[in-house]
Amino acid sequence: MATPAPSGSVFGMPGHPSLELVSTTAELTDPRWEKFVAGHPLATPFHHPDWVRLVAGCYGFRSFAVTVSDEAGEVRAGLPVVEVRHFRGGPRWVTLPFTDYCAPLVSDPQEEADLVRALEQASKAAGVRRVEVRAPLAGGSVLGPTAYRHVISLEDGPEAVYKRFRRTARQQVRQSEEKGVTVRRATRPEDITEIFYGLHVRNRRRLGVPVQPRRFFRMLWDSVVGTGLGLVFIAEVAGKPVAAHVCLAWNGVMTDKFSASDDAAWSLRPNHLIIWQALQAACEMGCQSFDFGRTDADNEGLRVFKKTLGAVEEPLVYGTLGAEPETATSHEGMIGQLLGTVIRRGPLVVCRAAGEALYRYAA
């Protein structure tokens, strides 16, 4: 396994010859890193150490932070990193796996340049040939856009947010309520490990893709939702769950990370009502924005859904350093297609078993 570069790589700051910056790798439990992340205005729930540890811990990866600090030891810029491995090739550093958007925590272009240099130095010293960042990276190669993110500003309150819904979206919220859909917040682990997960597995089977291991959501409750860093919304009709969303919330941002619904209940518009309830909750918590997360470019229906709720669409562009990604072979493509067919046609246990065995390799 590759190991982080030792601390002590020093370089001067252009224009400030008397100021030396030190690039280091730090544990996520380092109080200096925790203080830096908690106080940075660009930090989102995906930068929070608990989210990074969740992803790394569930799939057996190693996590740390690459930082740039001043002579006094104060962190000036940084990124959380997870080291991942695939069936072939060496280790990669990813910021972050299974994460839609995770930008460098910097205050100006010079700090970003210093951080990129730190990433290059640390990865080279650790024998890592490729670094992937789920955001644009100054001086890095560009991946995308092959997807979009959609963000709603909450700064002017829930009433103004609702008025920016398109007329059809407001109608669907009202129709959902009139048809007896109610939304409650999860209060126990089973709400995510049983109710949400049951809907989620069925959605993943319909799409022909493996589902995350159930333990991921158990850990998500224990380390994120249960500690106040997220909420789970469940839509029900006559006591029967028909949709559920898992949202992360921290540092002024709520992110709609996971969602699932019963396709037989789509005519009841439960997702419209959940989003409206989530937006109101985000405003109550003092969030300034609501992030719908990643949407693939070819998923036109989902993109339209998010825009009808007043979201602003922007392309998702990722940055890389080092070697180019390995291209999947035609043989691997055929295996993927076969697996999708088996999942769609098989019982739910096939989707779950595929996820247990293979999901970590999608990082």
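Let me begin with a definition: a residue is buried when its relative accessible area is under 20%, exposed when over 50%, and partly exposed in between, using a 1.4 Å probe and protein chains only.

Now, what are we looking at? This is a predicted model, where local features need pLDDT of at least 70, side-chain atom pairs count only at pLDDT 80 or more, and totals for chains, interfaces and linings use all residues. Residues are numbered from 1 along each chain as its sequence is written, and side-chain values use heavy atoms, with hydrogens and water left out.

Back to Thr295. It sits in strand β12, residues 289-296. Helices (H or I, at least four residues) and strands (E, at least two) are DSSP runs, numbered from the N terminus. Which side chain makes a polar contact with the side chain of Thr295? That of Lys306, at 2.5 Å. A polar contact is a pair of N or O atoms within 3.5 Å; within protein, one must be able to donate a hydrogen and the other to accept it, and residues adjacent in sequence count only if both atoms are side-chain atoms. Contact on its own means heavy atoms within 4.5 Å. Leaving aside neighbours within four places in sequence, Thr295 is in contact with Ala147, Tyr148, His150, Leu302, Arg303 and Lys306.

Lys306 takes us to helix α9, residues 300-308. Arg303, Phe305, Lys306 and Thr308 are buried there. What do the buried residues of α9 pack against? They pack against β7 (141-153), α5 (167-178), α8 (270-284), β12 and β13 (312-322). After α9 comes Gly310, with a positive phi near 90°.

Next, salt bridges. A salt bridge is a side-chain nitrogen of Lys or Arg within 4 Å of a carboxyl oxygen of Asp or Glu. How many does the structure hold? There are 24 salt bridges. One of them joins the side chains of Arg76 and Glu111, at 3.9 Å from N to O. Arg76 lies in strand β4 (residues 75-84) and Glu111 in helix α3 (residues 109-125), so this pair ties together parts that are 35 residues apart in sequence. Arg76 is partly exposed, at 22% relative accessible area. Glu111 is buried, at 10%.

Another salt bridge pairs Glu194 with Arg214, with the closest N and O atoms 3.6 Å apart. This pair links distant parts of the chain: Glu194 is in helix α6 (residues 190-207) and Arg214 in helix α7 (residues 214-223), 20 residues apart. Arg214 is buried, with 18%.

Asp296 is partly exposed at 37%, and Arg294 is partly exposed at 33%. There is also a network: salt bridges that share partners join Arg184, Arg188, Glu190, Asp191 and Glu236.

On to strand β8, residues 181-185, which holds Val183. Val183 is partly exposed, with a relative accessible area of 21%. Leaving aside its neighbours within four places in sequence, Val183 is in contact with Phe233, Ile234, Ala235, Leu273, Ile274 and Gln277. Val183 and Arg269 are 86 residues apart in sequence and 12 Å apart in space, C-alpha to C-alpha.

That brings up the backbone at Arg269. Its phi is near 55°, a positive value in a residue other than glycine. Arg269 lies in the loop between β11 and α8, and is partly exposed at 32%. Asn251 also has a positive phi, about 55°, although it is not a glycine. Asn251 lies in the loop between β10 and β11 (253-261).

Last, the cis peptide bonds. Which bond into a proline is cis? The one from Gly144 to Pro145, with omega near 5°. Pro145 is in strand β7. The peptide bond from Thr95 to Leu96 is cis too, with omega near -5°. Leu96 is in the loop between β5 (92-95) and α3.
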